[in-house]
Amino acid sequence: SDLSPKLGKTFQDSTMFRGLLRLLARSNCVGQDLHGNQYFLNHGKRFVQYKDGIIDSNTVPVQWHSWLNQRRDDPPTIEELQKHQLEKVELKKRVQELQKIDDDEVKVMKENKKALERKSLAS
């Protein structure tokens with residue numbers, strides 16, 4: 001009798017797993033993202049199979065998110081995803097450059113303020 005809850009859970013899990021396998025077998029894989037997640041279409045329903053089965057919605061790129069939620073008709077291409085990734089890297093680099101310029105300007109302003117204070121005290 002101690003085994004019945006465990007057997008029930010195992011049966012339920014295996015039934016769900018078989019159902020998932022049937023769903024995937026009838027589904028059309030329409031693409032993959034740079035993280036290795038795969039995207040499917042089955043009778044108008046769109047879904048993702050996460051890489052290694054680890055559900056992490058943070059790994060779904062915005063382009064695929066839009067496709068999953070039917071905000072776009074066509075799935076994104078690998079080239080589109082790669083271009084977006086490069087744009088993100090370039091943007092991050094530019095933000096760092098601007099932050100350095102801003103930090104340098106703040107440093108100069110502080111030095112000028114100190115010089116003015118010294119000059120004011122000397123007079």
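**Notes on charge pairs and a buried Asn**

1. Because Lys 100 and Asp 104 are 4 residues apart in helix 3, about one helical turn separates them. Helices here are DSSP runs of H or I with at least four residues, and strands are E runs of at least two, numbered from the N terminus. The two side chains form a salt bridge, with the closest N and O atoms 3.0 Å apart. A salt bridge here means a side-chain nitrogen of Lys or Arg within 4 Å of a carboxyl oxygen of Asp or Glu.

2. A word on the basis: this is a predicted model, with local features needing pLDDT of at least 70 and side-chain atom pairs pLDDT 80 or more, while totals for chains, interfaces and linings use all residues. Residues are numbered from 1 along each chain as its sequence is written, and side-chain values use heavy atoms, leaving out hydrogens and water.

3. The salt-bridge count is 3. Glu 97 and Arg 94, also in helix 3 (residues 78–122), sit 3 residues apart and meet at 3.4 Å, N to O. Glu 80 pairs with Arg 72 at 3.0 Å, N to O.

4. Asn 37, in the loop between strand 1 (28–32) and strand 2 (38–42), has 2% relative accessibility and so counts as buried (under 20%; exposed is over 50%, partly exposed in between; 1.4 Å probe, protein chains only). Its side chain has a polar atom 2.9 Å from the backbone nitrogen of Lys 51.

5. By contrast, Lys 100 is exposed at 52% relative accessible area, and Asp 104 is partly exposed at 36%.

How values were computed: A polar contact is a pair of N or O atoms within 3.5 Å; within protein, one must be able to donate a hydrogen and the other to accept it, and residues adjacent in sequence count only if both atoms are side-chain atoms.
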